[in-house]
Amino acid sequence: MPSADSSERSGIVLYSDSYITFNYEVAGEGRPILIIHGNGPDHRMMRGCMEPLFLPQDRYRRIYVDLPGMGKSPAPDWITSSDDMLRAVEMMIEALIPGERFILIGQSYGGYLVRGLMRNYAGLIDGVFLLCPCVIAEPSQRELPPHQVMECDAELLKELSAADREEFTSIAVVQNRRIWERYSREIIRGLQLADEDFMQRVRADGGYAFSFAVDALPPFDKPSLILTGRQDSMTGFKDAWKLLDTYTHATFAVLDRAGHNLHLEQEGHLGVMAREWLDRVGLVT
């Protein structure tokens with residue numbers, strides 16, 4: 001493991017060198033897949049939705065990272081914008097899979113970072129999966145549907161604390177016990193570790209958008225998958241349609257009864273479509 005200082009236990013690793021320190025978890029062996037969560041949670045969110053999809057015979061090394069300022073990755077002072085955050089992810093690539101071909105999965109803000117990685121790494125990337133991606137950084141410029149609840153367990157909501165109820169109902173389209181238990185375990189626990197001041201600093205002064213035109217990059221012709229939720233009131237689905245001109249071999253889907261928690265609310269459809277995407281990626285040589 002290339003590291004100036006690292007400790008490993010049960011697949012969980014803390015990497016540290018002179019420039020960056022970050023936490024990540026590895027599962028499996030084989031072709032590397034870098035998996036990037038959204039703004040606020042940590043790697044457990046993506047591990048929870050992706051690991052059940054892999055089979056024992058799959059030869060993929062799944063690398064689940066905690067972005068700086070989230071999970072157990074500290075927030076360095078030099079990160080003040082999404083450009084800096086992108087550079088931090090590039091440092092992760094240079095530390096963990098230098099010069100290797102790899103696959104990318106990104107959810108929400110992680111999907112925005114994946115698109116940014118195309119600028120310097122497109123030639124090494126064999127496939128991309130964008131899950132409820134942030135397409136337009138500035139929320140006021142996004143085309144968003146209103147928040148709509150498709151299923152609600154009123155008895156469950158009565159059991160939750162006021163804070164948990166507000167957090168859950170503000171985003172969940174399907175509000176039942178199964179979704180809540182996973183949301184609590186895989187997302188809220190990560191949110192509780194996030195450095196709120198740091199994340200606000202990244203958003204300040206227009207720094208949340210890249211300084212370069214990410215969609216003006218050359219078309220990407222490797223297998224891609226773009227999944228969006230019909231009721232996603234955070235990043236929406238209409239803006240993502242525009243990505244098809246860039247990702248020329250992308251399967252694109254808008255799933256009903258799914259919001260920004262598509263991976264929880266439509267896990268069956270996600271699994272089928274992600275496996276089909278992996279089959280296509282497997283053909284890339």
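The model is predicted, so local features are reported only at pLDDT of at least 70 and side-chain atom pairs only at pLDDT 80 or more, whereas totals for chains, interfaces and linings use all residues. Residues are numbered from 1 along each chain as its sequence is written, and side-chain values use heavy atoms, with hydrogens and water left out. The protein chain contains nine helices and eleven strands; helices (H or I, at least four residues) and strands (E, at least two) are DSSP runs numbered from the N terminus. The radius of gyration is 18 Å, close to the 19 Å that the globule rule gives for 285 residues, so the chain is as compact as a globular protein of that length. That radius is taken over C-alpha atoms, and the globule rule is 2.2 Å times the number of residues to the power 0.38.

**Overall fold and surface**

- Along the principal axes, the C-alpha atoms of the protein chain fill a box of roughly 50 × 45 × 35 Å.
- Of the 285 residues in the protein chain, 55% are buried; buried means under 20% relative accessible area, exposed means over 50%, and partly exposed lies in between (1.4 Å probe, protein chains only).
- Among contacts in the protein chain with a separation of 6 or more, 73% join residues 24 or more positions apart, a contact being heavy atoms within 4.5 Å.
- The protein chain exposes about 12300 Å², of which carbon and sulfur atoms supply 50%; accessible areas come from the Shrake-Rupley method with a 1.4 Å probe, and for residues only the protein chains shown count as cover.

**Charges and salt bridges**

- The protein chain carries 29 positive and 41 negative side chains, and the centres of the two sets lie 4 Å apart.
- In this count Lys and Arg are positive and Asp and Glu negative, while His and the chain ends are not counted; the place of a charge is NZ of Lys, CZ of Arg, CG of Asp or CD of Glu.
- The structure holds 20 salt bridges, each defined as a side-chain nitrogen of Lys or Arg within 4 Å of a carboxyl oxygen of Asp or Glu.
- K158 pairs with E155 in a salt bridge whose closest N and O atoms are 3.4 Å apart.
- K158 and E155 are three residues apart in helix α4 (residues 154-159), and are therefore separated by about one helical turn.
- K158 is exposed at 63% relative accessibility, whereas E155 is partly exposed at 49%.
- A salt bridge also joins E186 to R182, with 3.0 Å between the closest N and O atoms.
- Because E186 and R182 are four residues apart in helix α6 (residues 177-191), about one helical turn separates them.
- Both E186 and R182 are buried, and both belong to a network of salt bridges that links R178, R182, R185, E186 and E267.
- D239 and K242 form a further salt bridge, at 3.5 Å from N to O.
- Within this pair, D239 is buried at 4% relative accessibility, while K242 is exposed with a relative accessible area of 53%.

**Residues with positive phi**

- Most residues other than glycine have a negative phi.
- C132 has a phi near 45°, a positive value in a residue other than glycine.
- C132 lies in the loop between β7 (125-131) and β8 (151-152) and is buried, with a relative accessible area of 0%.
- R257 likewise has a positive phi, near 55°.
- R257 is placed in the loop between β11 (250-255) and α8 (262-265), where it is partly exposed at 32% relative accessibility.

- F22 belongs to strand β3 (residues 21-27) and is buried at 0% relative accessibility.
- Not counting residues up to four places away in sequence, F22 touches V13, L14, Y15, D66, S73, M92, A95 and L96.
- The C-alpha atoms of F22 and L217 are separated by 28 Å, the two residues being 195 residues apart along the chain.
- V214 is in the loop between α7 (196-203) and β10 (224-229) and counts as buried at 10% relative accessibility.
- V214 and R115 are 99 residues apart along the chain, and their C-alpha atoms are separated by 6.8 Å.
- R115 is one of the residues that V214 touches, together with Y112 and G116, not counting residues up to four places away in sequence.
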